[in-house]
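Keep the model open as you read.

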Amino acid sequence: MSYLFPNYQRKELELVKGDKNTLTDRSGKSYLDFTSGIGVMNLGYNDSELNQALADQANLLWHTPNLYENQLQEQTAMKLANKKEYLSYFCNSGAEANEAAIKLARKATGRTKIISFTNSFHGRTYGAMSATGQASIHAGFEPLVPDFVYLPYNELEPLLAEVDQKTAAVILELIQGEGGVIPADNQWIQDVQSLCHKYGALLIIDEIQTGIGRTGTLYAYENYQIKPDIFTLAKGLGNGIPVGAMLGKSSLAQAFGPGSHGSTFGGNKLGMRVAAKVIDRINQPEFLHEVQMKSEQLFLGLEQLAEKNAVIQTVRGKGLMIGIEFSDQAVRNQVMEQLEAEGLLTLKAGQTVLRLLPPLTITHEEIAQGLKMLEKVLSNLATQTSLTELAELK
């Protein structure tokens, strides 16, 4: 008997140890990790510098309430602002960060309508779930928070018809992660920002999966030449320590005065000490350039595999956030299972997409190793398919 709710569909695999970009299960088998714990472990596992930062703070003070000054919060907020006029609110997860963004947008504008997009994912708390454009996520939890509107992603005409003087905000991911690793079109994003400015609506960018170096820049929005009014972070921010953040333009400060929002554990000293170190490590030109070089290597290898394997429909994404779309769900699932057997961990996205989110510290040699494993699995799959077809002919 398990004493846990069955809300997770767990694999019969328990990971008990990690080092750099490799994980080890209870039986002692090692895996090259192309998941980063769903985009969390951007600096890999058992990092000595992060371990030391956490240990140093643990020996001083774990927690104080937000009734008192917190210099670690101030320092981390300054690093996240990255020389721009953004203020930070700290919490513990991406869903909480998006909840804060929704509250701030409604309070600052005095409006209620928020536009989101189909196949988006913003979290599972009520506000974040209501912003998520997936009926399967909503099922059984209606009624949702009112005044959310879902429009087709990357399409301008429906947006032109919907944005108006009642719109508080538009919320979107620059790459829809759970929805299938679908990047936003550059021109569409420019148009979304222009529409928000025209009608006085706020632009909220959900950077929970794309932020903290994942796409080769500190924030994905930097690739689109925009300046969001609000953006949200979590996942890679704490490299496994629960940390979330909502950043908003300093002009929004009055809407989030004392008593407007809060969190008991948000911005705790353990999380802040680690997050500050993570930002220092990742927000370096040399580090981000190396992410871009690794991305080019991985994309090139995957595109070469796609040319030789008809089951791959397309390869898309940015940085080290990559989706491989397969011909159908069964093939995708079979590839994932065989990769795991070979010692490579990957993720699902959408209905037919295999998602790759390796740690940003993945080496060029490990990328080559992962590509070889995928090539082997695809070759085995092609052989099995040929044998099946031959048997059917007989």
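Eight aromatic pairs turn up in the structure. Here a pair means that rings of Phe, Tyr or Trp (its six-membered ring) have centres within 6.5 Å, with planes under 30 degrees apart called stacked, over 60 edge-to-face and the rest tilted. Tyr 86, Tyr 219, Tyr 221 and Phe 231 are linked by such ring pairs into a cluster.

A quick word on ground rules. This is a predicted model, where local features need pLDDT of at least 70 and side-chain atom pairs count only at pLDDT 80 or more, while totals for chains, interfaces and linings use all residues. Residues are numbered from 1 along each chain as its sequence is written, and side-chain values use heavy atoms, with hydrogens and water left out.

Now for the annotated positions. The unreviewed UniProt entry carries a "binding site" annotation that covers Arg 124 and Ser 263. From this set, Ser 263 is in the lining of the second largest pocket. A pocket here is an open set of points on a 1 Å grid over the protein atoms alone, where a 1.4 Å probe fits, with protein on both sides within 12 Å along at least five of seven lines; lining residues have an atom within 4 Å of a point. UniProt positions are given in the numbering used here, feature names are shortened, and annotations may be inferred rather than shown by experiment.

The cut-offs are under 20% relative accessible area for buried, over 50% for exposed and partly exposed in between, with a 1.4 Å probe and protein chains only.

Arg 124 lies in the loop between β5 (113–117) and α5 (126–131). Helices (H or I, at least four residues) and strands (E, at least two) are DSSP runs, numbered from the N terminus. Leaving aside neighbours within four places in sequence, Arg 124 is in contact (heavy atoms within 4.5 Å) with Ala 95, Met 129 and Ile 137. Met 129 also shows up among the contacts of His 138, a residue of helix α6 that is buried at 8%.

Ser 263 sits in the loop between β12 and α9 (269–282). Beyond four places in sequence, its contacts include Asn 66, Tyr 89 and Asn 92. With Asn 92, the side chains make a polar contact of 3.4 Å; the term means a pair of N or O atoms within 3.5 Å, where within protein one must be able to donate a hydrogen and the other to accept it, and residues adjacent in sequence count only if both atoms are side-chain atoms.

Finally, the backbone. Most residues other than glycine have a negative phi, and most peptide bonds are trans. Yet Glu 142 and Pro 143 are joined by a cis peptide bond, with omega about 5 degrees, and Pro 143 lies in the loop between α6 (135–138) and β6 (148–151). Ile 212 is not a glycine but has a positive phi of about 60 degrees; this residue is buried, at 1%. Lys 235 is not a glycine either, with a positive phi of about 35 degrees, and is partly exposed at 23%.
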